[in-house]
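Subject: Structure for your review

Dear colleague,

Please find the structure below, followed by a summary of what was found in it.

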Amino acid sequence: MTTSRRTFLGFVGGGALAAGLAACGSSGPKSTPGSTAGAAAGSGTTYWFLTGQPQQAIREAQVKRFNDANSSTKIKTTEFQNDAFKAKIKTAIGAGQGPTLIWGWGGGGLKAYVEAGQVEDLTDWFNQQTDLKNSIFPSAFTAATVNGKLYAVPGETVTPIVLFYDKRSFEKIGAEPPQSWGDIMDLVPKFNAKGIAPFSLGGQSRWTNMMWLEFLFDRIGGSEVFQNIYDGKKDGWSDPSALKALDEMQKLIKANGFIKGFSSITADSNADQALLYTGKAAMMLHGAWTYGNMKTAGKDFVTGGHLGYMNFPPVDGGKGDPTDTVGNPGQYMSISSKASQGDKDTAKKFIANNTLDDATVDAWVKSGNIPVVKSAKDKLASISDKNDAEWLNFVYDTAANAKNFAQSWDQALSPTQAETLLDNIAKLFQLSISPQQFADNMNAVIGQ
Amino acid sequence: MTVTAPPVVPATGRNVSSGAGGSRVGRSGPVAWMVLPALVLFVVFGVVPLIGVVVLSFTQWDGLGPIHANGFANWRSVLSDPQTWHSVLVTFEIMILSWAVQTPMSLLLGTFLAGRQRYRAFLAVLYFIPLLLSSAAIAITYKALLDPNFGLGAGLHIGFLTQDWLGKSNLAIAVVIFIVSWQFIPFHSLIYQGGVRQIPTTMYEAASIDGAGRIRQFFSITVPQLKYTIITSSTLMVVGSLTFFDLIFVLTAGGPGDATRVLALDMYKRGFMSNQMGPASVIASIIVLLGLVLALLLRRLGGSTTASQQEGA
């Protein structure tokens with residue numbers, strides 16, 4: 001979903017040209033020979049997934065390995081560009097024309113499929129796959145579970161949200177990175193006095209602001225505050241911890257914690273990252289996926305060892321576990337309930353043998369990503385770049401040690417709730433609504 | 001130069017159009033057949049989707065599952081939603097303000113460009129350039145220029161330009177109006193230029209003999225003679241501003257907060273981001289209704305007489 005959102009925003013905001021070029025590169029869905037796009041259930045095992053490197057090549061290699069080993073039950077693939085996929089898969093599944101293997105982001109979208117009876121309950125089958133089950137980070141299963149049952153198998157990569165900072169800025173004011181929320185509030189006036197913005201933020205993108213609330217909710221009230229909201233518990237947003245988190249958020253904004261003009265900065269143009277690596281801002285809360293761009297665009301910022309990073313610090317007196325993290329715990333594969341038994345079996349075999357096999361894990365690590373398996377750790381020793389090795393170890397530890405890895409709210413919730421949430425977060429950050437108004441507006445759409 | 005501009009609304013206009021499907025078909029047979037291809041296209045791509053949208057506005061549909069009829073529930077909820085009225089307000093605000101900025105400037109520019117000197121043709125081409133750019137490209141460019149940290153103001157160290165242009169409600173609306181005007185003034189200038197060139201020179205000659213200066217000529221001849229041009233241009237501006245979407249979507253995405261969330265954007269967000277096709281269809285229907293009402297009002301304003309177009313009137 002990270003990729004999707006960024007690709008989408010990139011298209012809208014700054015990457016129209018890139019998107020146009022990408023469209024030329026793969027005009028329309030690309031299918032393996034013999035397959036038809038939108039193959040009806042029963043015409044063989046089908047798998048739809050996204051284009052875009054390095055993910056695309058890794059997925060293609062998985063299918064090739066499977067097809068080479070199982071020549072009688074080959075999987076036919078169809079590849080889509082992100083936006084095309086999102087539009088197509090929903091209508092195709094609704095019309096009973098979806099693929100056997102459904103690639104997705106879990107959370108609210110998966111829940112909608114489950115409620116429409118479109119995806120297979122995999123709980124019993126997966127419990128028998130003990131090796132696979134035990135190899136995956138436990139935190140990745142939350143977004144794949146609906147009403148206590150498993151409807152999707154986690155796969156691919158894990159990208160937590162991380163607190164990045166510029167070591168040079170901290171040297172300038174002679175301070176240490178924050179160990180608590182109180183430290184953050186104390187650092188704000190110090191940085192402002194030196195003409196450095198404490199935090200960079202691409203506020204116009206809205207989900208960037210959301211990452212702050214995700215952490216504050218967790219650190220102050222613990223993981224169950226959002227779980228209650230996700231479960232549709234009445235008035236979940238006006239939990240006292242939630243209100244305190246919203247209040248703390250506005251305190252930081254009022255104290256000029258964010259760079260001037262943050263609400264007109266977008267994340268898709270990477271301007272927020274630029275603020276950090278050019279030294280205009282000291283810290284930035286952002287997804288692990290920004291590392292690559294900061295390394296290529298930030299001159300010696302990463303290679304010179306100026307980039308620091310840490311998990312979000314605890315809030316004094318908060319109930320949350322400071323090892324918790326938020327972000328994208330993985331990508332997910334479901335099996336269509338409309339597929340024939342044979343196709344379902346083939347799909348299950350593919351999931352069990354090829355989605356997180358050794359070759360795949362190797363490929364993910366080589367591409368600079370941490371796959372959702374514990375064994376990724378063993379691969380890290382082979383990375384020669386010192387900065388990359390340190391970074392990947394950090395991402396691995398954050399994901400592996402998280403007691404709770406909460407999925408990004410806008411993906412966890414239904415599209416209706418997510419859109420209302422993003423709208424209200426923008427207003428909260430504008431200080432145009434109070435925490436109580438925010439809670440009231442959000443309570444009104446709980447369960448929708 | 002005794003020819004006057006063709007009247008926008010012919011005196012018999014109403015009878016012609018209402019009779020098109022009836023008795024007049026026989027008399028003007030071949031001509032009526034010629035509209036068939038356009039008519040078919042209009043019905044298939046205009047009328048049918050319009051009916052579809054109206055039908056959808058009475059249903060509940062998330063785009064994934066089955067469609068359920070739910071009567072007037074969407075209309076009730078959308079019409080009682082403060083967000084809708086906020087969007088209507090923003091839409092009208094942008095519509096009226098951008099009209100108020102564009103009309104005088106286009107009128108003056110058009111009058112200026114209607115002169116015959118060679119350099120004016122060159123200037124006309126120069127002025128026309130903004131219209132050739134796509135709204136998305138314009139929005140991306142301006143967004144980069146207005147960036148408070150990496151934009152024009154920060155780059156040139158001009159304090160005044162380093163505002164949080166798109167981050168403050170009033171500034172964001174002002175920026176939208178400015179860019180819309182920048183983009184569309186060329187087009188309306190062109191319309192006015194054409195209108196001014198239709199005014200008989202004899203009127204100006206007579207006015208000069210009577211001792212009227214340039215300013216007096218402008219207000220007593222040019223502006224009254226351009227009455228229908230003004231109405232045409234205003235109709236295009238007003239109805240066009242109901243569909244502003246791409247520019248605002250790319251520039252502010254409706255923000256900050258919902259300061260620039262116009263109706264078209266509201267429709268998109270409800271339909272394709274919240275998966276609420278029913279309420280989005282209600283908004284779409286409202287946009288169509290508003291457009292019709294505004295166009296009819298402006299037509300009324302113009303009246304059906306061509307008296308002021310007559311020489312010497």
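A cavity here is a set of points, on a 1 Å grid over the protein atoms alone, where a 1.4 Å probe fits but cannot get out, and its lining residues have an atom within 4 Å of a point. Please note that this is a predicted model, in which local features need pLDDT of at least 70 and side-chain atom pairs count only at pLDDT 80 or more, while totals for chains, interfaces and linings use all residues. Residues are numbered from 1 along each chain as its sequence is written, chains are lettered from A in the order in which they are written, and side-chain values use heavy atoms, with hydrogens and water left out.

Cavities

Four cavities of 30 Å³ or more are present.

The interface between chains A and B

Contact, meaning heavy atoms within 4.5 Å, involves 31 residues of chain A and 30 residues of chain B. The two chains bury about 2,400 Å², of which 53% is on carbon and sulfur atoms; buried area is the accessible area (1.4 Å probe) that two parts lose on being put together, summed over both. On the chain A side, the most area is lost by Lys90(A), Gln204(A) and Glu419(A), together 21% of what that side buries.

Three salt bridges join chain A and chain B, a salt bridge being a side-chain nitrogen of Lys or Arg within 4 Å of a carboxyl oxygen of Asp or Glu. Asp423(A) pairs in this way with Arg261(B), with the closest N and O atoms 2.6 Å apart.

A salt bridge within chain A

Over all chains, the count is 23 salt bridges. Asp357(A) and Arg65(A) form a salt bridge at 3.1 Å, N to O. These two residues lie 292 residues apart, Asp357(A) in the loop between α16 (341-354) and α17 (358-366) and Arg65(A) in helix α3 (residues 55-69). Helices (H or I, at least four residues) are DSSP runs, numbered from the N terminus.

Yours sincerely

Key: On a 1 Å grid over the protein atoms alone, a cavity is a set of points where a 1.4 Å probe fits but cannot get out, and a pocket is an open set with protein on both sides within 12 Å along at least five of seven lines; lining residues have an atom within 4 Å of a point. Grid points are joined across faces, edges and corners, and a volume is the space filled by probe spheres set on the points.
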